[in-house]
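The sequence and the structure are shown first.

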Amino acid sequence: MFFAAAFDLPSAPASAGIAWPDVALSFFAIVLEGAPFLLLGAIVSGLVDVFLPANTIKNWLPKSKTQGIFAALGAGLIFPLCECGAMPIVQRLIRKGVPPAVATTYMLAAPALNPLAMFSTYLAFRNQDPWLMIVLRFGFSLAVLIFLGFWLIKLRPDQMLRAETITGSPRPAQELSPNPGLVLTPRPGLSLGGLQQFTGAVIRDFTGVLLFLVIGAAAAALFSTGFNRNLLAPIGHDPFLGPLAGILLAQLLCLCSTTDAFIIAAFVPFSIPAKIAFLVAGPLIDLKLYWLYRSAFQPRFVHGLWIRALAATFLLTLLYSMHP
Amino acid sequence: MIGRQFSFFAPALVMSAWATVMLHTIASGHINRLLSPMFRSYVLGAAILLMVLSALYLFLYEPSAETPKPALAPTGRLRQLGRWMMLLIPVIAASVLSPAAFSSSTLEKRGLDAAPASYQMPTWSTTGQTDAKAVVDSDPNQLAPVEVTDLITISKSPSLIKGFDGRKVHVVGLFNNSSGNLKLYRMIMWCCAADAQPMSIALTGNTTGDWKNEQWLEIVGTARFPSTLGHVVPQVEVESIKATQEPDEPFLSP
């Protein structure tokens, strides 16, 4: 009943069904917003491919996996990346020899611990105890990331990654990517090896992840347009259901970590724990990111990541919600 | 042979199609309905880069001489065609089908008819409050040009209400009557239209006319801030009302 009402299925008023032109408007806006960042990520990935030898990267990394996780968390703070731009870079880093657990922790930390996200949280909540919101957002995000990092270092690369991500060469049988058969044959007689390598890397990375952005944007547009967010208002202040409502809203709205605070700050019916749950869960995974992660990782791993990230967020915010 | 040629040209075709869609969206002004100003220049940059990449691809690479696979094999021509089409068709279709404004159905779900206490005026910077104060401090004998958001900001401050209640205002916005309550609203956009949120004021007085939902209206009237169930509801007592063109910036950025 709740589900039907939330999505305006037949039991809801007929006048309020999903408006498909509005879905098209949202979809178009999301892909136009994400594509430039994805292209930027692919370009950085191409530069890493051409100019950063694998040995150099390995020399920079701590030898211990645990230290690597904390280095990745620190890198997430120092080198902020948006969710869309991170995907091609992380895949390239893995191919260059960065341990998948470390690269994945960085991928999750970059948007979640992003200083810009914290600054926007301050601005959005500056009339509602901004420092408390920053401390809670940063602290809970860090705790969830450490928990995920220690889970990640227990996994073998083949348990996490698609075969293509490990080898860098297309493995058609498992491909959803549009370019499994994209065989780049350099034109003979051109002495432009570096440019060819760079261009090939950018095109392969951009078109490979773009398909997942399109699928993720379609899912995000459908749910963000069709879901009646006001239905979550009555449970937003409940100590148990409030955090769940915050997490659910974050999964459906698929916002960037630098702007999500403004949306939720204006949503008065949510309690602080519900708002924090929204701000912690959203940058880690949502409907759009689920599909973007599928471009590099195995579905089973992504499902595991999704469950753990949301469960940890829920537990922390529930504990905060219950505190006297 | 044709399949091999298609496989070769597909990446260039997709990248140049995306670039064309981006450039057309910018040139037609439709981008103002999709992205906040900060992101528009990124789209222009991406469009140019995609064009350059398409040209570089055609210049640097040539069709491969690999042996053809069965059409429905994972790397077969038909499968590849389908995957490339998934990159082409949705974005082209969305560029053609996306409307100028969200429908009443979506506005309701985003809180157009929510109780006044359900949403606060979103804050990005102190500019909103500064603008509202400037409006309040303007000459009281002159018609005050205001945005819907100025009136909402004023409604949150008793001192600003005291200084502005009863002032004659000129305001432009979108009309909505889907719940039986006459409203003038603007959409607030942070990044893109997908996150846009309606903010509305009530309309009373002389609103006669065949106004349709999501129609742009220009209104002159008196600003009022009555209190309902403990919440101040900004409203305009309409004296004159007429249809107008969509402004250059249909969405407001906070």
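## Chain A

Of the 324 residues of chain A, 58% count as buried, a residue being buried if 20 or more other C-beta atoms lie within 10 Å of its own, exposed if 12 or fewer, and partly exposed in between, with C-beta atoms placed from the backbone. Chain A has 16 helices and one strand; helices (H or I, at least four residues) and strands (E, at least two) are DSSP runs, numbered from the N terminus. Residues 24 or more positions apart account for 82% of the contacts in chain A with a separation of 6 or more, where two residues are in contact if their C-beta atoms, placed from the backbone, lie within 7 Å.

## Model and confidence

This is a predicted model, in which local features need pLDDT of at least 70 and side-chain atom pairs count only at pLDDT 80 or more, while totals for chains, interfaces and linings use all residues. Residues are numbered from 1 along each chain as its sequence is written, and chains are lettered from A and ligands numbered from 1 in the order in which they are written.

The predictor assigns the complex an ipTM of 0.88 and a pTM of 0.84. For chain B the average pLDDT is 85, and 87% of the residues score at least 70; pLDDT is the predictor's confidence in each residue, from 0 to 100.

A:Leu222 lies in helix α11 (residues 193–226) of chain A. Why does A:Leu222 count as partly exposed? The reason is that A:Leu222 has 18 C-beta neighbours inside 10 Å. Between A:Leu222 and A:Ala233 there are eleven residues of sequence separation and a C-alpha to C-alpha distance of 20 Å.

## Contact between the chains

The contact takes 65 residues from chain A and 60 residues from chain B. On the chain B side, α1 (2–27), α2 (37–60), β1 (61–62), α3 (77–97) and α4 (104–109) each supply at least two residues. The most comes from α2(B), with eleven residues. By class, this side of chain B has 37 nonpolar, 16 polar and seven charged residues; Ala, Val, Leu, Ile, Met, Phe, Trp, Tyr, Cys and Pro count as nonpolar, Asp, Glu, Lys and Arg as charged, and the others, Gly among them, as polar.

Strand β1 (residues 185–186) of chain A pairs with β1(B) in the antiparallel sense over two bridges, pairing being assigned if DSSP finds at least two bridges between two strands. A:Pro186 stands opposite B:Tyr61 in β1(B).
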